[in-house]
Amino acid sequence: MRHLGVERAPSLWTPFVFFVCVILHGCKGDVRYSIQEEMQHGSVVGKITQDLGIDTKSLSARKPRLDFEGSKGYCKFNSQTGELTVNERMDREAMCGQRSSCAGHFDFFLENPLEFHRVTLDIQDVNDNSPKFRNDVINLEIQESVVKGARFSIDEAHDADTGVNSVQGYTLSNNEHFSLAVHSSTDRGKYSEIVLENELDREKQDHLSLVLSAYDGGSPPRSGSVIINVKVLDANDNVPVFTQPVYEVSLPENSPLDTPVVQVSASDADEGANGEVTYEFSYLSINAENLFGIDPTTGVISVKGTVDFEESSSFELRVKAKDGAGQASSCKVVVEVEDVNDNAPFIVMKSLLSPVPENLPPGTEIGIMYVQDKDTRANGKIKCSIDHYAPLHLVPSVKNHFSLLTTTELDREVQSEYNITLTATDDGSPPLFSSKTFSLFLGDVNDNPPAFEKQYYHANILENNKAGSSLCSLLAKDPDWRQNGTVFYSLVPSEVNGHSISSFISINGDTGIIHTVRPFDYEQFKSFKVTAVARDNGSPPLSSNVTVNIFIMDDNDNSPQILYPTLEGNSFMTELVPKAAQAGSLVSKVIAVDADSGQNAWLSYSIVKSTDPGLFDIGEHSGEIRMQRDISVTDGMKQNLVVSVRDNGQPSLSATCALFLLISDNLADVSEFKDMSLEGNDAKLTSYLIIALVSVSTFFITFIIITLALRFCNRRKPRLLFDGTVAIPSTYLPPNYADVDGTGTLRSCYNYDAYLTTGSRTSDFKFVRSYNEGTLPADLTLNESPPAFGDHSTSGNEAEVSSPLTSTVLDTS
C-alpha cells in the first residue's frame, strides 16, 4: 500500500497543492508508503518514479539519491527500475517502542534541476513478539484464613507488539481453588487477578502450583506463561497500600548516576513480619531497561544509566510492594525527561552543484542544506548564517532546509574558489553552534578573448637574412582555464608586392614566434604590415587581432655603380682639357650611384692612380675632377686617371673607373689619339701581335712594304674623328635609387656636360638632364658644319659653350 502526499487533497485542490509544492524549492509533495516490519532484504517498497511522475530516461543524469536522517539506510533506490527496495531490517519495536504509530522518514533527491521529495514509511506491526512476564515464577503467600472471593493481583504480561498483536487475554491452568479474572485499564492494559473460589486449608495442602498464560491476537497467536507458586500461610489479612497509584516525576536528561528520581511508599497495617514491605520492579518499558534501579527497602528509584531525551522522552515503570507474607500491590511511575541543550545543531549538505558555472545569473540555486538540532523548543530553534564575503545567501525552505542562492555574478578569473563557512546556532542557554566549511569551485566559461600584451608590434630585420630567422615573438594571454585559455596563433591572409604573405613570413601556432620564410631585399621593399590573430580553443572560440609592423634594414650589399664615365664596346671616353685651364677649373665629373640607402649609399671619391699625381684633384663627395694647378708646358699631353668610388658601409664596397684626359686646344694630333687608344689595348693583344710578327719574320720585307703603303694611303685620306656611337652613361637608374645630397650624384647645376660625335660628320652639343628625373638622354642638340680635318682654328671645329669641358669618343676599332 502506498500513498502520495499530494493525492490526499481533494481532487479540486490537487493542481493547486502541486503548484505550491513546486514553488517551494522543488518539493513536489510527500510520498508515503505503508509496509510491514521485518521485510526481507530486496523486497520492493514501491516504484517511486511512477508515483512521482519522473521520466526514467533522464533519471541517471539527474543523480538520484536517498538521504536518511539517522545512520541507517533502511531503503535503497534502483535507478534502473525506479523502485525502492528494503536495504536493512526494520524492527518496529526497536524503532518506535510502544507508540501506536511508527514512521521512518528520508528524502529523495534529484539534481539538474534540484528537486527533493519527503518519503514517509509507515511501519506496520507484525506479530513477531510473544507475550512475556517479567519473571518466570511468581511466588504468592496466602493465609489460610482468607475468605472465599479474595482477589490476588498478578503481574501483567507485556507484548512488544501493538494493537491486536499485543496481549489480549489470560488463561489459568485447571485447579480447585482459584479462578481467573481479566481486567483492562488505560495505564496497565490487560491484566489478571486470581480469585479464591474454595477456602484454603494449610493442614491439607500448604503448597499450590498454577500456570498462568497470556496470549495475543496475532495470526497465528503467540503466548507466554508464568508459574505461580502459592504458599499457604497462617492469617495475614492486610496488603501493602501505596500512597498514590501513579507517580509522575520529571528528570533532566544526562543526570548523573545514582541521582534519585522518586521515592515510592507503601504501608501495611499488619504487624511484625506481615507488615514489613519490600519494593521491586514488576515492569520496565523497553527503553527503561538498565536505566533505573530501586532500593528494595526504601523504595527510592535512582538513575543507573545514561538518560537521553533524544532517545526517549519518557519512561514507564511499575513498582510492586510486597509484605512479609507475600501479599503485594503495585503502582505506576511515569518519568518525563526534561530536555537540556546538550546537542549542537548539525549541518548536512544535501546537494551542491560543483563546479558552479561562472556565467550563472544572480539568484540561481546551487545547493540545498539541511540543519537539525535534536533538542526541543528553544534548545532546538536554529538560526543559520553564512560568511559575509561569500557570493551566496541562505533562503529558508521547508522542514529545516535552506537553499543556497548566488547573490552576484561570478567570475572565475577574479576568484576561482571560495572557502565558505556555514554556521548554525540554537537558542539554548547557553547557545550551542556548529560550523561546516565547504569549498565552492567555479567552472570556467569561455568569456574572455585572448589579449595581446601590446597594441602594436614592431620588428626590425636586416636584409639578406637567412630563411627561418626569428622576427619577433607575440604573446597573448587568456585568463580562461584549460582549452578555453589555450591560445593558438595565425596570420590573416594578405599580399605584399603581389605575393602572399605566407611566402614571406610564418608564425608558430603554439608559441607565437614569427619566422621569415625567405631572405628579404631592402631594395625591393622596405616595410610591410601583417595582422596576427590569437584564438582560443573554447566553444565557440574567441579571438583578437594585432598589427605587426615589419621594417627591413638596409645591408651594404650593393657596390657603387658608375654611370659616367663608362666603357661601351671598344670605345673609350676621352676628355679634352684646354691648355689654358687654370687651377680649380672643372675638368670632368665621375657620376656614381648606390642602390643601398643611408650610410651604405654615402659615396666618396678618390684618385688611386694618375699619370701626374699633382695635376688633378677630385672632390671627395662630389666626384668633380678639377685642376689642382695650372697646366705647364712640361706636362704630358696624355693623362690617365683611375678613380675609386667607395661607399660608407661596413664593410665598404667600391668600384673603379678609368678616365683619359687629353691636354690640347684642338683635335689635330690624331696620332696622339691613336697612341692613346693603343695604350688602352689589352696586354694579351700585344702578345698576340708579337707572336704574329715572329711567325711572319720570313715575310719581313713584304710586311714593311705593306705598312708603308698603308701609311701613305692614310695621309692622303682624311680620318674620321668620330665614327662610333656616343658613350654617354646609361640613363638607367636603379628603381629604388634615392638621391642623397653630397654623395656623388650629379646635381642639376652640373647638367652642361657635352660630347661630340662624327657619325654624321657633325658636332653635337647635348645637355643632360638631372638624375633626379631618372634619365640621362639629351633633350637639346646643337648642330655645326664639319670643318676641314687639318684646320686647327677654334671657330671651325669647336662649339662655343660656357663650360671648359668637351667630351669626345675615339673609335679604336
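Strand S25 and strand S27 (residues 365–372) pair in the antiparallel sense, with six bridges between them. Both belong to an open sheet of four strands, ordered S25-S27-S30-S29 with antiparallel pairing. The model is predicted. In the protein chain as a whole, the secondary structure comes to seven helices and 56 strands.

**The four-stranded sheet**

- The edges of the sheet are strand S25 (346–352) and strand S29 (392–396), each of which pairs on one side only.
- From one strand to the next, the twist averages 30 degrees.
- Within the pairing of S25 and S27, Leu-352 stands opposite Gly-367 in S27.

**Strand S10 and its partner**

- S10 and strand S13 (residues 189–196) run antiparallel and are joined by four bridges.
- Phe-152 has Ile-194 in S13 as its bridge partner.
- One face of S10 is covered and carries Phe-152 and Ile-154, while Arg-151 and Ser-153 lie on the uncovered face.
- In a regular strand, side chains alternate between the two faces of the sheet.

**Salt bridges around Arg-318**

- The structure holds 18 salt bridges.
- One of them is formed by the side chains of Arg-318 and Glu-156, at 2.8 Å from N to O.
- This pair links distant parts of the chain, with the two residues 162 apart. Arg-318 sits in strand S23 (residues 314–322), and Glu-156 in the loop between strand S10 (151–154) and strand S11 (167–172).
- Arg-318 and Glu-156 are both buried.
- Arg-318 also meets Glu-316 in a salt bridge, at 3.5 Å from N to O.
- Glu-316 has a relative accessible area of 26%, so it counts as partly exposed. Arg-318 counts as buried because its relative accessibility is 2%, and the cut-off for buried is under 20%.

**Other salt bridges**

- Asp-635 and Arg-629 form a salt bridge in which the closest N and O atoms are 2.9 Å apart.
- Asp-635 is buried, with a relative accessible area of 14%, whereas Arg-629 is partly exposed at 28%.
- Side chains of opposite charge can pair when their charged atoms come close.

**Nonpolar surface patch**

- A nonpolar patch on the surface is formed by Phe-700, Ile-701, Phe-703, Ile-704, Ile-705 and Leu-708. Together these residues have about 630 Å² of accessible area.
- Ile-705, one of the patch residues, lies in helix H6 (residues 700–716).
- Ile-705 counts as exposed because its relative accessibility is 54%, and exposed means over 50%.

**Whole chain**

- The protein chain has 813 residues, and buried residues make up 42% of them.
- Among contacts between residues at least 6 apart in sequence, 68% join residues at least 24 apart.

Notes. Residues are numbered from 1 along each chain as its sequence is written. This is a predicted model: local features need pLDDT of at least 70, side-chain atom pairs count only at pLDDT 80 or more; totals for chains, interfaces and linings use all residues. Side-chain values use heavy atoms; hydrogens and water are left out. A salt bridge is a side-chain nitrogen of Lys or Arg within 4 Å of a carboxyl oxygen of Asp or Glu. Buried means under 20% relative accessible area, exposed over 50%, partly exposed in between (1.4 Å probe, protein chains only). Two strands pair if DSSP finds at least two bridges between them. Axes are lines fitted to C-alpha atoms, for helices over the stretch in contact, and angles run from 0 to 180 degrees between N-to-C directions. Patches are made of residues with over 30% relative accessible area and no salt bridge: like charges are joined within 9 Å, nonpolar side chains (Val, Leu, Ile, Met, Phe, Trp, Tyr) within 5 Å. Accessible areas come from the Shrake-Rupley method with a 1.4 Å probe; for residues, only the protein chains shown count as cover. Contact means heavy atoms within 4.5 Å.
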